Every structure is written in C-alpha cells, then in structure tokens.
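Have a look at the screen while I get started.

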Amino acid sequence: PPHPTPSSGYFSTPPQSSPAPYPAAYPSPAYPSHGPPPPAPVSASPYGHAPPAPPVPPAVAAAPGRQGFVPMTGFTSPPMTQPMGSGGVGLGSRMPTVYTGPPQPDQIKRADPYLVNTGPPLHPVDSPNREARTVYVGNLPSFVTDEQLVDWFTCISPAVRVKRCWDGSKPTQFAFVEFPTVPEAHCAIGMTGTECCGVPLKISQAKGTIQGAAN
C-alpha cells in the first residue's frame, strides 16, 4: 500500500530494513547467571587513575558496529604541585619574587580610561580635588614596596604619594597612588591590565584620598 503523506493527516518515513537485533548483554554465555563481575577497586594511586573497565561480554563485543571497539577507562588529572593565587589569578608557578622594574613601552596597555574604569566616575581633568588625581591599584604582588610602585609608574610621571594595603595573608595587595595632575591619573587608569612582575594590575578611579597627606 502507498505510504502515508503529510496531507493524509500524519507522516511517517518509508520503512527501512530492520537492523540485526542487538544481542542481550546479560545474561549471556559469558555471564549466564549474575551478569558481569563488580568493578575492580580503585587502586591507591597518587595520581588518581581510575580502575580498568570491566570486560565486554563476547555477545556484546560481536554486535554489529562494535568490532574493534575498545572501552575507555576513566581519567583524572595528576595533582597540582603549585597553588593558585587569590583574586582569580594563578600565581603559583609564574609569579616572580623580586621586582622586575617598570614596563617597557611595548608592554604598556593603553585604553580609553572612561571605558576601562571600574571605579567611581572619573573627575574632570581640571578638577582641583585630590581624589580626582588618585587611583586605586589592585592585584599588586605583595612583595612590591612603595618605592618600587613609584618607580613602576615613572612610565607616566613620578607619583606624589603611595599608600599600600596588605594583611599579609594573600599573594597580592592593593594600593592608592596620587599623581601630580588629573590627566596623569587618567593615563594610569588607561594602563589597567599592564603587568607588574608578570601580574596584570587593575587600575581604576579611587574613592577618597590618601589619609594623612597634606594638600
């Protein structure tokens, strides 16, 4: 009889030749009563290798399409030998332990400070407010000193004041840096992402000023 069509109210594909029946895995001649043996216990390997897969019953191995099939065993990565730093930056294997100097011209990232700033809104370039020329510097390696941070920013202008904050428990710290002028502070914000000692800094507009400093 003709095959049904969409216009007849329902649709079906033409009949196809039935594939060979998939052999029942269990029971089988290899495991006639209780099925396959239980998985082997996990070996006490320091790398956490998974145990080998149980053997495939002969009836299943001989099924159409399975010839040459090799069961895949589990896989786990070896344990990490280096810790990860906080703040989403892996500092265990690549972070140096000494100050490496200011960035070279070809290493400096330059962007529009109004687009990359993640802090409070930027102040006008003619603002007399000290907050306008103060920036926040995050993700700073913990061993960098005040003098080294001032030296790092000499690619823009010598900083006027620096205040670092660190509790001694993390591999990174943050700091506040005040520049002579507002445009220089904006230029520093546009450098966010430039690396200091192999770690990208996060630079944005500061909220407030460095306490204890005179105008």
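I'll go through confidence, then the sheet, then a few aromatic rings, and finish with a helix.

So, before anything else: this is a predicted model. The mean pLDDT for the protein is 73, and 53% of the residues get to 70 or more. If you go element by element, helix α1, residues 58-61, has the lowest mean pLDDT at 62, while β6 has the highest at 97. And there's a stretch, residues 73-93, where pLDDT stays under 50. For that stretch the model has 29 contacts beyond four places in sequence.

Okay, the sheet. In what order do the four strands of the open sheet come? Reading across, you get β2-β3-β1-β6, and the pairing is antiparallel. The edges are β2, residues 161-165, and β6, residues 202-205; each has a single partner strand, so one side of each is left without a neighbour in the sheet. On average, neighbouring strands here are turned by 20° against each other, if you ignore direction. Quick reminder for anyone new to this: strands in a sheet pair through backbone hydrogen bonds, and that can be parallel or antiparallel.

Let's zoom in on β3, because five of its seven residues are buried, and that makes it largely enclosed by the rest of the structure. On one side, β3, residues 172-178, pairs with β1, residues 134-141, in the antiparallel sense over six bridges. You can follow that pairing on screen: leucine 140 sits opposite glutamine 173 in β3, and valine 135 sits opposite valine 177 in β3. β3 also pairs with β2, again antiparallel, this time over five bridges. There, arginine 161 is opposite glutamate 178 in β3. How many residues lie between β2 and β3 in their hairpin? Six, and in the turn you'll find glycine 168, with a positive phi of about 85°.

Now the rings. The count comes to five aromatic pairs. One of them is tyrosine 136 with phenylalanine 174, which is tilted: 5.7 Å from centre to centre, with 35° between the planes. That pair links distant parts of the chain, with tyrosine 136 in strand β1 and phenylalanine 174 in strand β3, 38 residues apart.

Last stop, helix α4, residues 182-189. This helix lies across β1 and β6, and it runs at about 145° to β6. Six of its eight residues are buried, so α4 is largely enclosed by the rest of the structure. Which residues of α4 are buried? They're Val182, Glu184, Ala185, His186, Ala188 and Ile189. And what covers the buried residues of α4? The cover includes α2, residues 113-116, along with β1 and β6.

To wrap up, keep two pictures in mind: the open sheet in the order β2-β3-β1-β6, and α4 lying across β1 and β6. Okay, that's me done.

Terms used:
Residues are numbered from 1 along each chain as its sequence is written. This is a predicted model: local features need pLDDT of at least 70, side-chain atom pairs count only at pLDDT 80 or more; totals for chains, interfaces and linings use all residues. Side-chain values use heavy atoms; hydrogens and water are left out. Two strands pair if DSSP finds at least two bridges between them. Axes are lines fitted to C-alpha atoms, for helices over the stretch in contact, and angles run from 0 to 180 degrees between N-to-C directions. Contact means heavy atoms within 4.5 Å. pLDDT is the predictor's confidence in each residue, from 0 to 100. Buried means under 20% relative accessible area, exposed over 50%, partly exposed in between (1.4 Å probe, protein chains only). Rings of Phe, Tyr and Trp (its six-membered ring) pair if their centres lie within 6.5 Å; planes under 30 degrees apart count as stacked, over 60 as edge-to-face and the rest as tilted.
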